[in-house]
Amino acid sequence: MRTVSLALLALAGLCLAVARAGAQGSSPDPCYDEHGAARRCIPDFVNAAFGKEVRASSTCGARGPGRYCAPLPPHEKGEGGARTCHTCDAADPRRAHPVSYLTDLNNPHNLTCWQSETGVQRAPNVSLTLSLGKKFEVTYVSVQFCSRRPDSMVISKSMDYGKTWVPFQFYSTQCRKVYNRPSRAPITKQNEQEAVCTDAHADVRPLSGGLVAFSTLDGRPSAHDFDNSPVLQDWVTATDIRVTFSRLRAPGEADEDEDEDAQFYAVSDLQVGGRCKCNGHASRCVKERDSGGLVCDCKHNTAGAECDRCKPFHYDRPWQRATAREAHECVGEYPLETTRHERSQHHRQLQRAGARNVLGSQPVPHEAAEESETEDSELSRDLDDLSDIPVPSSKYMCPDVRAVMHLLQEDQTEEHGRAAGPCSVQIVLDVCHPTCFCCLWLMFEPPC
């Protein structure tokens with residue numbers, strides 16, 4: 001028996017040590033400082049394209065085996081000619097060049113390349129479309145080629161999951177002719193949210209392995225003050241990225257008229273560097289249980305996929321994006337330690353001032369009017385009338401209404417040692433939703 005007791009004590013001591021070690025090793029919440037005060041927090045910087053599905057408008061071998069020819073590296077060119085030819089076949093994994101190769105793990109020692117159908121000089125505008133799954137703040141977009149870099153291409157973004165598109169950057173040796181844009185137009189504060197066209201990538205070399213990288217904030221005048229620039233915050237926001245290849249070679253190039261089987265686009269890697277957009281109110285994004293999509297793990301009493309609004313009952317000041325200087329935490333109507341009597345007095349004052357709060361939206365207080373004895377008596381009669389309205393079953397109420405009732409019931413039980421009566425809260429039903437009542441609500445010390 002003594003041995004068993006000692007063993008149990010040893011086991012308890014071990015469990016306690018493990019628990020303490022876990023508590024000491026647990027990392028603090030990045031959204032709050034060591035004193036518990038809110039501070040700006042942001043998700044980790046990631047390649048948002050990694051592992052994501054890409055849609056291509058053209059992929060070699062998708063409509064049956066096809067022949068393509070690629071130039072040989074200079075050190076391999078000999079008497080047999082300057083190029084080597086192969087077969088692309090989507091049905092044969094050894095000969096396929098699927099679009100999934102764009103966002104897999106990129107190994108420079110074993111390159112895998114997506115490849116378009118041949119003859120693209122005659123049939124341009126091959127596009128690659130990537131959905132990020134939610135809003136991201138994009139820092140860069142890079143495209144690494146297995147073929148030579150195209151003469152003309154455009155990187156575009158969508159902020160509404162592919163419904164509409166706006167250009168991020170144009171590349172061309174003939175900006176005016178291909179895209180009707182001036183070449184290397186200056187960027188000022190007046191146009192820093194507009195795409196420009198450049199020929200910076202125009203060198204034909206290298207014939208493979210070339211890179212085109214676009215930095216969203218490079219050259220933008222307000223980049224140094226990004227926290228205070230809604231224009232640039234909107235500029236870097238994207239839910240989808242599209243890369244469109246418009247022209248493989250410029251007119252007049254020596255190999256412009258080469259065989260069609262040598263005219264194709266091939267890309268080894270597509271990257272989108274950025275952070276999950278949470279407006280400074282979350283340190284990570286997580287998968288939503290129902291949809292499986294990404295959402296911000298919101299702090300600071302914020303809510304929404306991007307923490308872009310205040311939680312219910314935290315509307316005492318307008319929602320704002322967090323900055324390095326100020327977290328802009330959403331604030332509740334009263335602190336948790338406020339007593340029920342103080343809250344009742346506060347709500348009575350709001351009622352007399354004509355305040356009416358709508359659940360699910362930020363309250364807009366009416367201007368306080370001068371009270372008179374007549375108004376007080378009318379309000380008193382109104383409240384007496386409301387006491388006759390039955391409280392609907394909680395399963396038909398909005399979640400916020402149920403929370404209010406639960407809070408009041410707890411307060412009244414704590415104060416009087418009994419459950420709340422039917423008049424502990426009055427609900428005025430307004431517009432009915434099929435699954436949830438939309439309610440105007442009033443809270444007051446009941447007349448009963």
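Contact here means heavy atoms within 4.5 Å. What you have is a predicted model, in which local features need pLDDT of at least 70, side-chain atom pairs count only at pLDDT 80 or more, and totals for chains, interfaces and linings use all residues. Numbering runs from 1 along each chain as its sequence is written, and side-chain values use heavy atoms, with hydrogens and water left out.

Let's start with Ile155. Setting aside neighbours within four places in sequence, Ile155 is in contact with Val141, Pro167, Phe168, Gln169, Tyr171, Phe214, Ile241, Arg242 and Val243.

Ile155 also belongs to the largest nonpolar core, which has 46 residues, and is among those with the most contacts inside it. Such a core is a set of buried Ala, Val, Leu, Ile, Met, Phe, Trp, Tyr and Cys residues joined through side-chain atoms within 4.5 Å; buried means under 20% relative accessible area with a 1.4 Å probe, counting protein chains only. Helices (H or I, at least four residues) and strands (E, at least two) are DSSP runs, numbered from the N terminus.

| Element | Residues |
|---|---|
| Strand 6 | 126-145 |
| Strand 7 | 152-158 |
| Strand 10 | 211-215 |
| Helix 3 | 230-235 |

Strand 6 gives the most, with nine residues.

Strand 6 also pairs with strand 10, antiparallel, over five bridges; pairing takes at least two bridges found by DSSP. Val143 sits opposite Val212 in strand 10. Val212 and Phe214 form the covered face of strand 10, while Leu211, Ala213 and Ser215 form the uncovered one.

Methods
Buried < 20%, exposed > 50% of the residue type's maximum accessible area, 1.4 Å probe, protein only.
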